[in-house]
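This report goes through a few packing features of one protein model. Please look over the sequence and the structure before reading on.

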Amino acid sequence: MAGADGDDSLYPIAVLIDELRNEDVQLRLNSIKKLSTIALALGVERTRTELLPFLTDTIYDEDEVLLALAEQLGNFTMLVGGPEYVHCLLPPLESLATVEETVVRDKAVESLRKISQEHSPVDLEVHFEPLVKRLASGDWFTSRTSACGLFSVCYPRVSSTVKAEIRQHFRTLCSDDTPMVRRAAASKLGEFAKVLELEYVKTDIIPLFTALASDEQDSVRLLAVEACVSIATLLPQEDLETLVMPTLRQAAEDKSWRVRYMVADKFSELQKAVGPEITKNDLVPAFQNLLKDCEAEVRAAAANKVKEFCENLPEDNREQIIMSHILPCVKELVSDTNQHVKSALASVIMGLSTILGKDNTIEHLLPLFLTQLKDECPEVRLNIISNLDCVNEVIGIRQLSQSLLPAIVELAEDAKWRVRLAIIEYMPLLAGQLGVEFFDEKLNTLCMAWLIDHVYAIREAATSNLTKLVEKFGAEWAQNTIVPKVLGMANDPNYLHRMTTLFCINALSEACGQEITTKQMLPVVLKMSNDQVANVRFNVAKSLQKIGPVLGSNALQTEVKPVLEKLASDSDMDVKYFAQEAISVLDGNFSLQMVQPAFLLLQIFLRNVRSVETPDPVDEAYFVPSPDQTCRFFNVLQNSCQNQPLAEYIGKWGLPVVFFQLAFYPLLIHKDLVWLAAPEEMKVRMLWSVLTSEEHAEQNRIRLLTPALTLTAAGM
């Protein structure tokens with residue numbers, strides 16, 4: 001390393017050392033992210049003999065830098081010479097596995113686990129297993145916690161003697177004095193059990209599982225519950241009752257709610273692992289207790305598993321167990337005092353209908369659905385409405401309309417406007433669940449009634465609701481069902497309702513498309529420009545501004561612009577202001593429409609420029625240019641001419657001048673384009689200079705332009 005100044009080949013490592021010692025954390029971080037490049041420059045031998053020792057000796061930095069280093073080293077196998085030399089990566093990763101910051105240790109362990117697969121069985125015993133032992137017997141808890149994640153990856157590939165030592169080290173860590181180490185051991189207990197022989201699962205793992213599940217720290221006990229799932233899948237059915245179930249029963253009644261929460265959260269997995277007989281005898285009573293737990297978090301976790309638990313019950317007595325043991329608890333949870341519990345239940349309760357069948361659903365579940373549909377918590381109502389299709393499949397749309405729809409309609413007409421607002425927000429979702437025919441029959445009238453509600457927030461939400469319905473059912477449905485009713489409100493004697501017509505047109509124009517907007521909506525808007533109420537007239541101006549981009553250029557010029565000019569001379573100041581603003585904005589749209597040929601040209605240029613080696617990278621944003629970017633592009637082109645005639649400037653390239661005339665003529669005759677800031681312009685100038693640079697062969701430029709020539713000719 002010392003000779004770096006006199007040897008040019010050492011320059012990359014010298015740069016790395018300088019940046020690693022820089023006070024700027026970002027520079028140090030960048031240098032670490034370039035490690036693979038540096039290693040390639042040095043070669044495998046010097047990477048092993050110089051770079052890795054340097055990294056090992058200098059591991060003392062910000063956590064962000066160490067995290068990047070730990071991640072990089074996990075991908076270094078080929079850079080040190082392949083699997084034969086992968087053990088060279090162990091010293092720096094071992095150091096990183098002992099640091100105080102948890103995320104750095106975890107990333108170092110992840111990289112160690114990754115490169116362990118690259119070790120041969122011999123190298124694993126010679127190099128990797130001693131590292132695990134050193135970490136497991138380290139003075140600081142940080143190294144011992146890291147060791148817990150490494151036992152399972154080396155155990156299957158070592159000799160019987162080494163396996164016995166590994167099992168002993170793991171037993172020692174499971175009874176470590178430090179809770180953090182016991183936590184780490186408990187979190188890896190299930191993973192370690194999966195690689196052990198069955199006899200050692202019974203003799204070694206079960207005692208450790210029992211001890212950890214009885215630990216004084218609840219954070220250790222809850223992790224033991226997670227391991228229980230893996231252990232139960234490994235044992236024969238006859239051993240589960242004696243080896244696992246006593247500990248599991250104890251965990252389900254643990255004094256700490258966090259442990260009980262973990263049992264509830266893992267209940268479906270535990271149910272599958274222990275089988276139907278133990279489920280019927282032990283887990284059903286335990287699940288009932290969890291549904292009635294004194295802590296809301298536990299009840300919510302259990303409620304979330306109701307459907308899954310019921311699905312996994314033995315088929316021969318599933319219905320009887322649900323009706324006798326589970327449903328009474330569910331009925332209590334429907335009126336629980338905690339909204340999170342009710343919300344969790346509402347997200348799954350509809351799924352019980354497919355399990356219990358039509359008769360039980362109508363008799364027992366529908367009353368619960370109705371109760372939750374009227375719940376004060378919006379999330380509960382949303383979860384019920386979101387899953388109506390489950391019930392629809394079982395009881396049919398007619399039965400559903402007779403039972404739940406009246407409740408929905410009742411809420412939609414509630415005296416409290418916030419309740420009505422909540423139902424409006426769910427209406428698109430409900431429409432998707434029930435289908436267009438049922439919606440038109442039962443709910444369409446309701447949606448239209450909201451448009452003339454006396455509360456503005458309801459009218460506004462109803463307008464937004466119509467847009468979502470059109471997006472769901474299509475423009476043809478809107479043309480036949482919604483648009484005629486909306487346009488009919490233009491003649492309403494209440495000016496607020498006439499204004500709602502304009503708001504609806506603003507919202508629907510884009511979803512309905514140009515044809516419907518031009519033929520059906522635009523005439524109504526233009527007619528309303530003569531309204532006696534000034535508020536309606538200035539909203540006409542705003543509507544014309546809004547729907548302008550949807551309309552064709554002919555409609556803009558011949559129909560919209562004359563009306564706006566008339567409104568611009570209105571006696572009311574507000575009408576005049578909004579009309580002038582609309583003219584200004586739409587004038588910009590007129591200009592942009594003339595830019596379209598040049599826009600096409602630029603788009604083709606930029607999508608093809610990747611195939612030419614450019615001296616500088618092209619900004620990604622310019623690969624899909626907007627019309628405004630096209631305007632800036634043309635401005636740069638004009639400036640590049642340096643007062644030469646455009647035709648003469650283009651002629652130097654040997655390209656047809658008519659092509660550029662076709663593309664840019666509309667711009668040449670329209671001078672009031674607004675150019676954006678210089679920094680953006682400079683980006684375009686750079687791109688243009690690349691395309692016209694002498695560094696590129698003439699045929700390259702012609703190849704880039706050929707697609708544009710073809711398209712422009714086709715457009716003639």
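## Two packed helices

In this predicted model, helix 24 (residues 339-349) packs with helix 26 (residues 378-386), and their axes lie 8 Å apart at an angle of about 5 degrees. Angles under 35 degrees count as roughly parallel, and helix 24 and helix 26 are therefore roughly parallel to each other.

On the side of helix 24, the contact is made by Q339, K342, S343, A346, S347 and I349. They meet E379, V380, N383 and I384 in helix 26. By class, this contact has 4 nonpolar, 4 polar and 2 charged residues.

Leaving out residues up to four places away in sequence, L544 touches L522, V525, L526, V560, V563, L564 and L586.

## A buried serine in a loop

S529 is found in the loop between helix 35 (514-527) and helix 36 (534-547). S529 counts as buried because its relative accessibility is 3%, and the cut-off for buried is under 20%. With residues up to four places away in sequence not counted, S529 touches R537, V540, V563, K566 and L567.

## The buried side of helix 28

In helix 28 (residues 405-412), the buried residues include L405, A407, I408, L411 and A412. These residues are on the same side of helix 28 because they cover an arc of only 160 degrees around the axis.

Notes
Residues are numbered from 1 along each chain as its sequence is written. This is a predicted model: local features need pLDDT of at least 70, side-chain atom pairs count only at pLDDT 80 or more; totals for chains, interfaces and linings use all residues. Side-chain values use heavy atoms; hydrogens and water are left out. Buried means under 20% relative accessible area, exposed over 50%, partly exposed in between (1.4 Å probe, protein chains only). Helices (H or I, at least four residues) and strands (E, at least two) are DSSP runs, numbered from the N terminus. The arc is that of the directions from the helix axis to the C-beta atoms. Contact means heavy atoms within 4.5 Å. Axes are lines fitted to C-alpha atoms, for helices over the stretch in contact, and angles run from 0 to 180 degrees between N-to-C directions. Angles under 35 degrees count as roughly parallel, over 145 as roughly antiparallel, 65 to 115 as roughly perpendicular and the rest as oblique. Ala, Val, Leu, Ile, Met, Phe, Trp, Tyr, Cys and Pro count as nonpolar, Asp, Glu, Lys and Arg as charged, and the others, Gly among them, as polar.
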